[in-house]
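Have the model open in a viewer and follow the selections below in order.

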Amino acid sequence: MNEGHRHTPTPDKPLAGRRVLVPRGGPWGDGVAASLRQRGAVPVIAPLINFAPTNDQATLEQALADLADGAFDWLTLTSATTVDVLYAYRAVIPATTKVAAVGETTAAAMQAVGYRVDLVPERDNSAQGMAEQMIDLETEPRSVLTLRSEIAKPVLTRLLIEAGHHVRSVVAYRTVGVPVTEKIATDVHSGRINAILVTSGSVAEQVVEQFPDIPASTVIAAIGPRTAKDAKRAGLTVDVVAERQTVDSLIEAVARFTLSPESETPA
């Protein structure tokens with residue numbers, strides 16, 4: 001079927017006519033889609049993961065009640081999804097509790113719903129980077145609440161405990177896979193999708209599971225070195241890695257990368 005004339009990339013529209021798969025929906029997906037359109041791309045929103053409540057509501061509710069009562073010196077957040085959980089529970093963070101967010105995306109999500117953030121790692125936007133900076137700051141034992149996903153590795157908890165801090169690690173949510181439509185699966189396998197954004201290890205696992213035959217010409221773009229490592233571990237070949245763990249950095253990296261010529265170009 002003729003799809004009309006091919007769009008030629010230009011400096012202000014570097015992704016002209018390119019179809020880019022956005023792996024999460026909601027406000028986040030809409031924001032990414034808008035940024036892609038500004039650069040000429042055709043965003044294809046196809047949520048590969050969603051978030052479900054924790055299987056242990058009682059433990060989470062007790063932790064949030066203790067947080068409101070001032071039981072913790074620090075609250076740590078390693079994903080923007082945790083912010084959604086805090087907001088859904090109308091969690092109260094007292095002035096005496098400092099808040100550490102793993103990166104700019106999580107910090108921005110906190111500020112967007114009216115919470116403050118006291119610490120964002122300066123160098124390394126990862127659980128390890130956050131732990132190292134907190135350990136440098138706090139020489140005395142502190143009480144820390146870490147809210148995490150069910151599948152998160154307990155790196156932050158382990159490092160803080162090893163440094164002498166008292167840590168309560170609580171599961172705030174579960175990550176579940178979402179099957180894509182048959183049309184999107186076909187578009188990925190045929191090469192009609194030119195790039196796939198990979199924003200977490202969970203997304204990488206779903207990409208591998210749902211798209212077993214991704215053409216070599218499809219650009220796989222990871223939102224930072226940590227996600228790239230997780231993606232490679234899941235079995236993906238990563239072509240582009242964003243310098244910073246932000247959506248803008250990810251899209252800029254894809255825009256800079258020269259996408260392969262489409263295989264359907266006549267010989």
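Select H3 and helix H4 (residues 104–112): they pack at an angle of about 20°, with their axes 8 Å apart. Axes are lines fitted to C-alpha atoms, for helices over the stretch in contact, and angles run from 0 to 180 degrees between N-to-C directions. H3 is therefore roughly parallel to H4 (angles under 35 degrees count as such). The model is predicted: local features need pLDDT of at least 70, side-chain atom pairs count only at pLDDT 80 or more, and totals for chains, interfaces and linings use all residues. Residues are numbered from 1 along each chain as its sequence is written, and side-chain values use heavy atoms, without hydrogens and water.

Now show side chains. Ala 80, Val 83 and Leu 86 of H3 meet Thr 105, Thr 106, Ala 109 and Met 110 of H4 (contact means heavy atoms within 4.5 Å). Helices (H or I, at least four residues) and strands (E, at least two) are DSSP runs, numbered from the N terminus.

Next, select E4 and E5, which pair in the parallel sense over four bridges; pairing requires that DSSP finds at least two bridges between two strands. Leu 75 has Val 99 in E5 as its bridge partner.

Notes: Angles under 35 degrees count as roughly parallel, over 145 as roughly antiparallel, 65 to 115 as roughly perpendicular and the rest as oblique.
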